[in-house]
Each structure stands twice: as C-alpha cells, then as structure tokens.
Amino acid sequence: MNNKSKILQMLALLAAIVIIAGGLLRVMQNNNSMSLSDYERLNTSQTPTESSEEITESQNGTENAENSSEPSTIADGQKENISDSSDGMTENLQNSGENSISLLTGASLNGISQTRVTYSEGFYYEEISDNLRRYITGISYPAEENPEPEISVDELRYVHIWHYDFDGNPAEGELICNEYIAQDLVEIFYELYRNEYQLEKVLLIEEYDGDDTASMEDNNTSCFHYRTLEESTRLSRHAYGLAVDINPFYNPYVTYESDGTEKISPAAAECYADRSVGFAYKIDENDLCYKLFTQHGFTWGGNWNNSKDYQHFQKSMP
C-alpha cells in the first residue's frame, strides 16, 4: 500500500508539472505572437494622408533624378578636368554639347544650320543665316545703301571654336571669315586649343560696334571687317575675310613715319612694340600660333619690311 501511494503521488506531481509547463509555454507564445486585431491596428496607425505624401515624395525624387541633367555647358569642374590629350579634350567638348545653348551672339543668331561642317566637337563653320546677315549689316558688312561691296555674304562663313582664356579656362569663340579659309581656321584653332594656347577673347567685331581700335584695346582676336587700311582707300585683307588678328594688344601694328618715328596701334600697347623684350602672349617665329598659320599658307605681318603687324596673319586666294 505504501508503494502504491508513493506512485500515485509521483503521478500527481508529474501531471501538475505538465500542466504548469503547458501554461508557461502558452504565455510565452502569446507574448511573441500578433493577433489579427494587433496587425490591423499596426497597419492603420499611419494615416492615408501620411502614406500619400511619402509616395508623392518618392515619385518626385525619382523624377528629379531623371531630370537632374542641366543644359550642357562647360562647368568649372569640367574645365579643370579637360585633358591635354586630344581624346580628353574631345570627351569634354562632347560633354559640353555642340547643340547646347550658346551665349555667343553669332551662334544664337545663326542657330543650327544644315550647311554646318564640323571638324571636331565645337569646331565648325557654316553659311551666314539671314538673322546673322541682318545683324552684321551696317557694322562689319556694308549697309545696303552703300556701293556694292567686293565680297558677298554668300562668300562668308560663320566659324565657331573653343579656346583657353587668360584665366586658363575653356571659352567659346566665334569669327566670320572668307569661305576659302574656314577649314584652315577650324583646324588651326583646334590645335591651339589642344595645346592650351591662350586667347583672351574671340568675338565678332559687332561686340565693339565695328570699332577696330576698341577691339584691339580689348585684346580681341577677330577676322572679318569690311574696312580700308589705315590712312588709305585700299581695302584691308580683313574686308575679304582673309586675315586674322591674334591677341592684338600684345602684338600691335607698328608703322614708321618719314621722320623715323613709330606709330603704334593700339596706342596703349606701346610697351609691346619692342620685340626684343620677352613677355607673355608674344607672337614670334617660335610661337605655336605662327607655326600653325604659316603651315596653312598664311603670311605673318611681323615679317613685313615697311611696317610690322605682329597680330596679323593673312592668306591669298589662288
């Protein structure tokens, strides 16, 4: 009897342990579980307005990322990264976008022409549009009421280039020239740019109201201007679009009077008339600009006998 009692007590104790253990397990499961009502409360704790705003912001962020590209111009960061090599230069000019909006007057007026001939990205020439013709008429090109000029607008070409300015930054430039030298110019200025040759400004003479002296004093590189030679009735080679003046303030035009005195143009550039002195932007026979222009068949005014035009390169038509 004693043994039976002990067994029954042990069975009762085991049953109690099982019941208690089962209760504890259910409590633990309930603490780690989520009821349907709990799930519903959690998912509806965010109001529809808040959810909509987050979705809208997410969509706007995606649209902003897709539309974040600005008009392709050469930015400061791109300017610093332009390579010395032609491949690097071409890549950066492609980033700038030949068809991007230009701040140059001539480029804006000429638009994108079907006659465009592109030598390299950003270096091209094309026919003069009606808008550009009207703009230059009465300034660099004779007004219609004047006697018929010796060159027609149809014989001229608009030239777009890139160059390094005096701060060492890439800048757009534009000229108008005779169609005969248009290909020469894009090739020459391309090589100057590739070698980071600095030109302070390359703008149409219209930016100076056709004042050649003002253009030279501002050190503006230019080409076409229908005008006569100083103190002469004979047309300049610029009148035919066959001459280019490069960094004219640092490379002045020097003529000699009968008494031996010098006349310097522009007058403010007198200190640069002495070519025995070394200084920046000086054109001589060792200069890259001289070498490129003469390789393309141009003659240099610095080699003239009766006067010295150190800024001037011209080419004769056959």
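Okay, let me start with what I mean by a charge sitting over a ring: NZ of Lys or CZ of Arg has to be within 6 Å of the ring centre and within 35 degrees of the ring normal. Keep in mind that this is a predicted model.

With that in hand, look at Arg275. Its charged end sits over the ring of Tyr310, 4.2 Å from the centre. There's another case at Arg116, where the charged end is over the ring of Tyr124, 3.7 Å from the centre of that ring.

Now, ring against ring. Searching the whole structure turns up 18 aromatic pairs. Take Tyr250 and Tyr272: the centres are 4.8 Å apart and the planes are at 50°, so we call this pair tilted.

Okay, on to the strands. Which way do β8 and β9 run relative to each other, parallel or antiparallel? Antiparallel, with four bridges joining them. Within that pairing, Tyr253 stands opposite Ser265 of β9. The hairpin has five residues between the strands, and Gly260 there takes a positive phi near 95°.

β8 has another partner, β11, residues 307-309. That pairing is antiparallel too, over three bridges, and Thr255 stands opposite Ser307 in β11.

That's my tour, thanks.

Key: Residues numbered from 1 in each chain as written. Predicted model: local features only at pLDDT ≥ 70, side-chain atom pairs only at ≥ 80, totals over all residues. Heavy atoms only, no water. Phe/Tyr/Trp six-rings, centres within 6.5 Å; stacked < 30°, edge-to-face > 60°. Pairing = 2+ DSSP bridges. Helix = DSSP H or I, 4+ residues; strand = E, 2+ residues; numbered from the N terminus.
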